[in-house]
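Please have the sequence and the 3D view open as you read.

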Amino acid sequence: MKKFVYLFDQGNADMRSLLGGKGANLAEMTNIGLPVPPGMTITTAACKEYYENGKKLPSQIIEEVRENLAHLEKTIGKKLGDVTNPLLVSVRSGAVFSMPGMMDTILNLGLNEKTVQVVAKSTNNLVFAYDSYRRFIQMFGDVVLEIHKYEFEQLLTQHKKKQGVTFDQEMSADTLRAVIDSYKELVLEKTGTAFPEDPMEQLFLSIEAVFRSWNNERAFIYRNLNKIDHDLGTAVNIQSMVFGNMGNDCGTGVAFTRNPSNGENLLYGEYLTNAQGEDVVAGIRTPQPIAKLEAEMPQVYAQFAKTAKILEKHYKNVQDIEFTIEKGTLYILQTRNGKRTAQASIKIAHDLAAEGLISKQEALLLIEPGQLDQLLHRQIDPNAKLDIMATGLPASPGAASGAVVFDANHAEELGKKGQKVMLVRTETTPDDIHGIIAAQGILTSRGGMTSHAAVVARGMGKPCVCGCEAVKINYHTKTFTIGETIIKEGDLISIDGATGRVIAGVVPMKDPELSTEYLTLLHWADEYKKLEVRANADNPTDAQKALEFGAKGIGLTRTEHMFMGQDRLPHVQQMILAENFEERQTALTHLLPMQEEDFYGILKVMTGYPVCIRLLDPPLHEFLPSMNELLIETTTLQITQENMTLLAQKEALLRKVRALHESNPMLGHRGCRLGITFPEIYEMQIQAICNAAARLTTEGYKVLPEIEIPLTIGSAEMNFFKEKIDKIAKDTMEKYKVNFHYTSGTMIELPRAALLAGELAEAAEFFSFGTNDLTQTCLGFSRDDAEGKFLNDYLDMKLLPDNPFITIDRKGVGKLMEIAVESGRKTRPDILIGICGEHGGEARSIEFCHQIGLDFVSCSPYRVPIARLAAAQAAISKGENYGTK
């Protein structure tokens, strides 16, 4: 029979999928002898059973909870609901992958009108007992009874105001008693039922509420954002309470074993005296840095520092630790792999390897490839003159500018319209997740560097400034003030998450400077990766940038981008409008030297590296004005009769545009089909490539051009172009009296080409998968229409696991790729096969490319470092989740 509940000492770290991350870590810490309050974990399997049972707890789960609770009570010597020695517990979620703040927690469960008096008497502290009780009612009311937290906060504020105090810990026992009574009245008013007094009823209602929170809106959004499976479910951890709010020799905090912002090897975190854990992460009070604990409680600090090192060494990773101090005794409530910035992730991985704690391979697996993207974006220019309005806590590095908004919904709305916004809040809550996603950055007036805003922003790579107490927000007037300065919604501000600065207006940015640790790790990645990494570049500047980022060649040069220049577009249009071969040849004569210089520049920059040049791909009408524009212009000229010569030209152009118009241009007269019907166009481009290669060879450069034919469907086309390429190359070498190496191949972007790759390989010396078009033609999706109309519904309804235009669809597109690789290599064992397009810069797609034996991936220059790391991870991993997710 399946077991649904485990005591902490019955589990271990390897049971993560069953016990959830938190439960597995609590079990592991218990087993290595750390001071963990005893408890039990209800498994993720139980969560699934709960949903399959119509959102009701099956009797087996109820029975197992009761049995394990009895064991827990015996171990601790306290009993839930006992009127002489009551046990109080926390009920917390614990998903397989960390989802900070996305699901729900209830603390101090077991308090009622009788047990609160016992707690008050046993601790000789009525304020503590009442404070714990009012917290429990508020959490239970919010999480279980679904009464909005705001309503409790409103009552709390009224009572504090009545007593004349500011902070929660300043409330008297009488005020707290009044708060409790008003909370209970609110529960009765909202639910029609009195607040439950039976602790066992409280427990099972709380377990169900935590299971329900797995599917709350913010958790669902977070899982979509982080590609976490919606079917995993959450575990529930029931743990005996320890109290950080019993007096000034008590406290609670969150700390990282290393700085999660910059990776420095120092304890980094915050704590509050006389508080419970929710006070730290909720941003209700601005906490003290962990270093101050050494002065206040030196023995506790020393024990915590030692524990932190034990955990980091045990898990071989930076740990994010929650702790509570009760009457001078330290308890560890949770540990997990710490979320950190890209900069910190690089330094930490490097340093852990340098210290001998992990291997170079393990260091590479600690980094989530997408994080590297954060390092390649701009920061505030240090030479800029800044109007610094205030300074808060540097919670997540990076810099951003945007229009001030105070509401997450409004941020999302404006973000969808393409506007850059800055979300400004007193503090964020998990319900603000959609606004944080939409915003350029986050500014809060309360909370610390381990508050919700800070943790979530760091995970997303967004800049965040927290605890900026100078910012006084008025949600009613939609303004905030800093001293005498008033900032209205819509005003532009900037933040620097690395320094905590809040700056008026938009600030100038600068390119990032990459650390030695970053360069070292990428060097390690190059040692282990099997896939070569190239870049997509259409000009020498992009090619140079690609080299700087470590590209070993160009995987795609789109020649159509070269045709769009203002100096050549008239000649391109002349070529298209030509009525006969002679007219077209005249236009091509002008274009030939321009194209030659284009290829000369790129091949020169990439000397010694291959450059794959794709011949003209898009339909010709893309180089002409739109039909609608021409209709308007000709109609206007017809009405005004002002310029009959211009009218005749526009009418002729309109006729040509109409003649070129296609119902479905993506599947129309484009790619090699242009080269079939207008062979002189491709001949001009081939000649330009060969001329550039010959010139550079005579100048002493080593050039490796790869001439790529787009959109082939079979060997007949490839043979047709192969003959032309070989003849033009031979003639050019004879003319220049040089020899240069070149290859010819094709882009596999249609299912028929993939299926007939064996035949294609008889002429083609290389394949490059054009996975954007291959995805469109395999799935029958137009990318522009699908992403704008129905693809999100497919993802939300789990009809597709991922956006196939971001991550390769392995079942469909991937199967075609596998067929092409296998049959192509059967014909030509040494055929070079790669992939171009943005799939080539996405980690899971790169992993697939490695698995099916491609030779290279190609992506935009700024994604080259991501591809290098992902290629190494694919080579050394065995299906692990990369990074710290």
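This is a predicted model: local features need pLDDT of at least 70, side-chain atom pairs count only at pLDDT 80 or more; totals for chains, interfaces and linings use all residues.

1. Residues are numbered from 1 along each chain as its sequence is written, and side-chain values use heavy atoms, with hydrogens and water left out.

2. Look at strand β5, residues 89-95. Strands are DSSP runs of E, at least two residues, and helices are runs of H or I, at least four, numbered from the N terminus. Seven of the seven β5 residues are buried (under 20% relative accessible area, 1.4 Å probe, protein chains only). Val 89, Val 91, Ser 93 and Ala 95 point one way; Ser 90, Arg 92 and Gly 94 point the other. In a regular strand, side chains alternate between the two faces of the sheet.

3. β5 pairs antiparallel with β6 (residues 105-109) over three bridges; pairing takes at least two DSSP bridges. Val 91 sits opposite Ile 106 of β6. β5 also pairs antiparallel with β7 (residues 234-240), over seven bridges. There, Ser 90 faces Gln 239.

4. The largest nonpolar core has 114 residues (buried Ala, Val, Leu, Ile, Met, Phe, Trp, Tyr and Cys joined through side-chain atoms within 4.5 Å). Leu 372 and Phe 740 are among the members touching the most others. Helix α27 (residues 679-698) gives the largest share, eleven residues. A second, separate core of 61 residues includes Leu 155 and Phe 204.

5. UniProt, in an unreviewed entry, places "domain: Pyruvate phosphate dikinase AMP/ATP-binding" at residues 17-55, 57-291 and 303-351. Such annotations may be inferred rather than shown by experiment; positions follow the numbering used here, and feature names are shortened.

Definitions and conventions: Buried means under 20% relative accessible area, exposed over 50%, partly exposed in between (1.4 Å probe, protein chains only).
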